[in-house]
Amino acid sequence: MYGFLSYFSIFADAKFSGMKDIRIGNGYDVHALADGLPLFLCGVRIESPTGCVAHSDGDVAIHSLCDALLGALALGDIGKHFPDTSEEFRGIDSKILLCRTMGMVASAGYRVGNADITIAMQRPKLAPYILRMRNTLAEIMGTDASQVSVKATTTERLGFVGRGEGCEAYTSVLLIKD
Ligand code: MG
């Protein structure tokens, strides 16, 4: 019943009946943690005895989000656009990197449908910061906070995250062209 001809006719119907152009992207980042450094996640300063070792402010969550946005557009990665060998980006607030990445999204004619970020970190507990993180990212991306999910998990003390040596972030994002 659903042979090739049927498949292509269904696809053609969808294409010409106003189905939106959508793109999906995923991003991943990791940073080492060290004592006495400031910790920023999703643009929010987190009270923590350790922070990310980085050329920028080390916001691992925003970096994974930028990589997901760039990936959705097949524009390469964050290292290509904001190289960690450049003095321009030394200590830079990662919210600025997200702003610039959103400029590329807008230039390509897309807007964010939704973003889903998972941060893997053994400590501190991030629950008290989640709402501020979502609001901060939504404001930069020109979306509602209901379109931005931020989740936090430990790794049950397993691996480098569990030992507190580093943290990771994973992001999925959907872009829509109206
Ligand atoms: Mg990074």
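Reply: Along the sequence, the elements of the protein come in the order α-β-β-β-β-α-α-α-β-α-β-α-β. This is a predicted model, in which local features need pLDDT of at least 70 and side-chain atom pairs pLDDT 80 or more, while totals for chains, interfaces and linings use all residues. Residues are numbered from 1 along each chain as its sequence is written, and side-chain values use heavy atoms, leaving out hydrogens and water.

Me: How many helices and strands does the protein have, and what makes a stretch count as one?

Reply: The protein has six helices and seven strands.

Me: Why is His-63 called buried?

Reply: Buried means under 20% relative accessible area, exposed means over 50%, and partly exposed is in between, using a 1.4 Å probe and protein chains only. His-63 has 7%, so His-63 is buried. His-31, at 13%, is buried too. Of the 178 residues of the protein, 42% count as buried.

Me: And what is Lys-95 called, buried or partly exposed?

Reply: Lys-95 has a relative accessible area of 26%, so the label is partly exposed. Lys-95 is found in helix α4.

Me: What makes Asp-29, His-31 and His-63 donors of the magnesium ion?

Reply: Donors are N, O and S atoms within 2.8 Å of the metal (3.2 Å for Na, K and Ca); water is not among the atoms, so sites may look incomplete. Here Asp-29 (OD), His-31 (NE2) and His-63 (ND1) coordinate the magnesium ion at 2.1 to 2.3 Å, and their spacing in sequence is D-x1-H-x31-H. The two histidines link distant parts of the chain: His-31 belongs to strand β1 (residues 21-35) and His-63 to helix α2 (residues 60-72), 32 residues apart.

Me: How do you know that β5 pairs with β7 and with β6?

Reply: Two strands pair if DSSP finds at least two bridges between them. Nine bridges join β5 to β7 (residues 166-177), and these run antiparallel; Ala-120 has Glu-168 as its bridge partner in β7. Six bridges join β5 to β6 (residues 148-153), running parallel, and Ile-119 stands opposite Ala-152 in β6.

Me: Which residues does Gln-122 contact, and what counts as contact?

Reply: Contact means heavy atoms within 4.5 Å. Leaving aside neighbours within four places in sequence, Gln-122 is in contact with Thr-154, Thr-155, Glu-156, Arg-157, Val-161 and Gly-162. Gln-122 sits in the loop between β5 (111-120) and α5 (130-141), and at 12% relative accessibility Gln-122 counts as buried. The C-alpha atoms of Gln-122 and Thr-154 are 4.6 Å apart in space, although these residues are 32 apart in sequence.

Me: What makes the pair between Gln-122 and Arg-157 a polar contact?

Reply: A polar contact is a pair of N or O atoms within 3.5 Å; within protein, one must be able to donate a hydrogen and the other to accept it, and residues adjacent in sequence count only if both atoms are side-chain atoms. A polar side-chain atom of Gln-122 lies 3.1 Å from the backbone nitrogen of Arg-157. The side chain of Ser-86 likewise reaches the backbone nitrogen of Glu-88 at 3.1 Å.

How values were computed:
Helices (H or I, at least four residues) and strands (E, at least two) are DSSP runs, numbered from the N terminus.
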